[in-house]
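Q: Hi! Could you walk me through this one, starting with any term I need for reading the element names?

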Amino acid sequence: MHWLLLLAAIALEVAGTTSMKVSQGFTRLGPSVAMFIFYLSSLALLNLALRTIDVSVAYAIWAGLGTALIALVGVAWFNEPGGW
């Protein structure tokens with residue numbers, strides 16, 4: 001169960017970062033509000049996952065997988081360059 005919470009936290013963090021991009025510097029209300037909701041939800045689920053997963057492991061996976069996924073979102077949805 002704790003691993004599912006961690007995966008959900010990662011998905012919500014990616015959704016929050018995507019909303020940040022779509023908010024266009026907080027000029028669009030809906031994506032701006034969604035960003036805060038996604039980030040708060042992500043941190044809440046990460047906190048719950050930390051009940052049973054070591055912080056060093058959970059945070060490394062949360063940060064690393066989140067970074068990799070948002071890079072893929074940037075390339076796939078926002079036509080960003082996909083170089084190394």
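Predicted model: local features only at pLDDT ≥ 70, side-chain atom pairs only at ≥ 80, totals over all residues.

Q: Great. How many helices and strands are there in the protein?
A: Three helices and zero strands, so read along the sequence the pattern is α-α-α.

Q: And what does the C-alpha trace span along its principal axes?
A: About 40 × 35 × 15 Å. The accessible surface of the protein is about 5,600 Å², and carbon and sulfur atoms hold 72% of that.

Q: What share of the residues is buried?
A: Of the 84 residues, 27% are buried. On the contact side, take the contacts with a separation of 6 or more: 64% of them are between residues 24 or more positions apart.

Q: Let's go inside, then. Which residues make up the largest nonpolar core?
A: There are 10 of them: Leu5, Leu6, Ala9, Ile10, Leu45, Leu46, Ala49, Ile53, Ala58 and Trp62. H1 (2-22), H2 (29-49) and H3 (55-78) each supply at least two residues of this core.

Q: Which helix gives the most to it?
A: That's H1, with four residues.

Q: Pick one of those core residues for me. What is Leu6 in contact with, leaving aside its neighbours within four places in sequence?
A: Leu6 is in contact with Leu46, Ala49, Ile53, Ala58, Ile61 and Trp62.

Q: Switching to rings. How many aromatic pairs does a search of the whole structure find?
A: Two. In one, the ring centres of Phe26 and Phe36 are 6.0 Å apart and the planes meet at 10°, so that pair is stacked. It links distant parts of the chain, with Phe26 in the loop between H1 and H2 and Phe36 in helix H2, 10 residues apart.

Q: And the other pair?
A: Tyr59 and Trp62, with ring centres 5.5 Å apart and planes at 40°, so this one is tilted. Both lie in helix H3, three residues apart, about one turn of the helix.

Q: Why does Trp62 count as buried?
A: Because its relative accessibility is 13%, and the cut-off for buried is under 20%. Phe36, by contrast, is partly exposed, at 47% relative accessible area.

Q: Back to that loop between H1 and H2. What is phi of Gln24?
A: Near 50°, a positive value in a residue other than glycine. Gln24 is in that loop and is exposed, with a relative accessible area of 53%. Phe26, in the loop as well, has a positive phi of about 65° although it is not a glycine.

Q: And Ser23, buried or exposed?
A: Buried, at 1% relative accessibility. Ser23 is found in the loop between H1 and H2, and not counting residues up to four places away in sequence, it touches Arg28, Pro31 and Ser32.

Q: Last one: Gly66. What is it in contact with, leaving aside neighbours within four places in sequence?
A: Ile10, Glu13, Val14 and Ile61. Gly66 lies in helix H3 and counts as buried, at 0% relative accessibility. Its C-alpha atom is separated by 11 Å from that of Gly16, 50 residues apart along the chain.

Key. Residues numbered from 1 in each chain as written. Heavy atoms only, no water. Core = buried A, V, L, I, M, F, W, Y, C linked by side-chain atoms within 4.5 Å. Buried < 20%, exposed > 50% of the residue type's maximum accessible area, 1.4 Å probe, protein only. Contact = heavy atoms within 4.5 Å. Phe/Tyr/Trp six-rings, centres within 6.5 Å; stacked < 30°, edge-to-face > 60°. Areas by Shrake-Rupley, 256 points an atom, 1.4 Å probe, with all protein chains shown as cover.
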